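I opened the notebook to look up a helix pair, a ligand shell and some annotated positions. The entries follow in that order.

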Amino acid sequence: MTNPAYPALRMRRTRATSWSRAMVAENRLHPTDLIWPLFVTDADEEQPIATMPGVSRWPVAQIAERAAEARDVGIPCIALFPNTQPDLRSDDGTEALNPNNLMCRAIGAIKEACGSDIGILTDVALDPYTAHGQDGLVSGDGQVLNDDTVSVLVEQALNQAHAGADIIAPSDMMDGRVVAIRAALEGDGYTNVQIMAYAAKYASAFYGPFRDAVGSGGLLKGDKKTYQMDPANGEEALREVALDLAEGADSVMVKPGLAYLDIVTKVKARFEVPVFAYQVSGEYAMIEAAAAAGAGDRDALMLETLLAFKRAGTSGVLTYHALDAARLIGDL
Ligand code: PBG
């Protein structure tokens, strides 16, 4: 086989110098592409998370400083996750509805320090509050109940909105929760509170370190396969996205990230909406472990994977690397 265009066409010509590579680059990472998930604790001290080296749970007294750091490097939004202490967990997760719970206090502290300079995204699901670690209410025979759970999730979302949340992000994968939450938000006057739906959320093995971080890992019996999606399915993700958009979601999320970039691309091609991806805890741990083992350069692995999300068509990515990545991008 001969290449009829060679040598007139040489793909290496535009790659030959750094200025030329910069000139033809199709995608560029920017701090506004990043959302930083933060864990909050009732403890007095920072608590490092063993399975996520470099990530800690922060006391409410220090959470606003973290948010301010994010704001100062141009990150537009943080996501909050509480580590609810065991004695406040219950089978029905009612601590999620407490207006003075850890999540609400963290929102208040950040709002007081940062005002509207940075967005606050809050996760709607019961797993940080339940004694069994499932995202919803569980019946006597072990079923995760859909409609009863949705009623509680609506109250949880209103509790977060009342505390000052800017983006409500239902991660529970119950059917019909987006329309119910939207109606309740409208009814209470929260017309500008957004909904980012975890629309295509898979039952993934990559969530392990997160469950350690919020303290639900050791509690969870069984799995979440009756509500989170089967990793075998792609078309089903498009149905989930279509439904959540019809129900009033302002943006949608695909989760996990790297192993599901095909879903991001399909969603972006089909729907004219902002698409986000969540580079989850296990992905973070994988990159850190690879770097620690000498299998790759940590910063390079971090930036290359984040750029992949951009290339796939996301408007942004939730990543535990957000602060470090934003700082690196700023220095480049
Ligand atoms: C709660 C929730 C989970 C994650 C985000 N929200 C865990 C789960 O569904 O079990 C995982 C995030 C991560 O792994 O970084 N429903």
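At what angle do the axes of helix α7 and helix α8 cross? I worked with a predicted model throughout. I find that the axes of α7 (residues 235-246) and α8 (residues 261-270) come within 10 Å and cross at roughly 45°.

From α7 I list Ala237, Leu238 and Val241. From α8 I list Ile263, Lys266, Val267 and Arg270. Sorted by class, the residues of the contact of α7 with α8 are five nonpolar, no polar and two charged.

**Ligand shell**

Which residues surround the ligand? I noted Asp123, Ala125, Asp127, Asp135, Ser171, Tyr207, Phe210, Arg211, Lys224, Val280 and Ser281. By class, I count the shell around the ligand as four nonpolar, two polar and five charged.

**Annotated positions**

Where does UniProt place the feature "active site"? The record, an unreviewed entry, gives Lys201 and Lys255. I then checked their spacing: they are spread over 55 residues of sequence but cluster in space, with a largest C-alpha distance of 4.9 Å. I also looked up the element that holds Lys201, and found this lysine in strand β7, which covers residues 194-201.

Methods
Residues are numbered from 1 along each chain as its sequence is written. This is a predicted model: local features need pLDDT of at least 70, side-chain atom pairs count only at pLDDT 80 or more; totals for chains, interfaces and linings use all residues. Axes are lines fitted to C-alpha atoms, for helices over the stretch in contact, and angles run from 0 to 180 degrees between N-to-C directions. Helices (H or I, at least four residues) and strands (E, at least two) are DSSP runs, numbered from the N terminus. Two residues are in contact if their C-beta atoms, placed from the backbone, lie within 7 Å. Ala, Val, Leu, Ile, Met, Phe, Trp, Tyr, Cys and Pro count as nonpolar, Asp, Glu, Lys and Arg as charged, and the others, Gly among them, as polar. A residue is near a molecule or strand if its C-beta atom, placed from the backbone, lies within 6 Å of it. UniProt positions are given in the numbering used here, feature names are shortened, and annotations may be inferred rather than shown by experiment.
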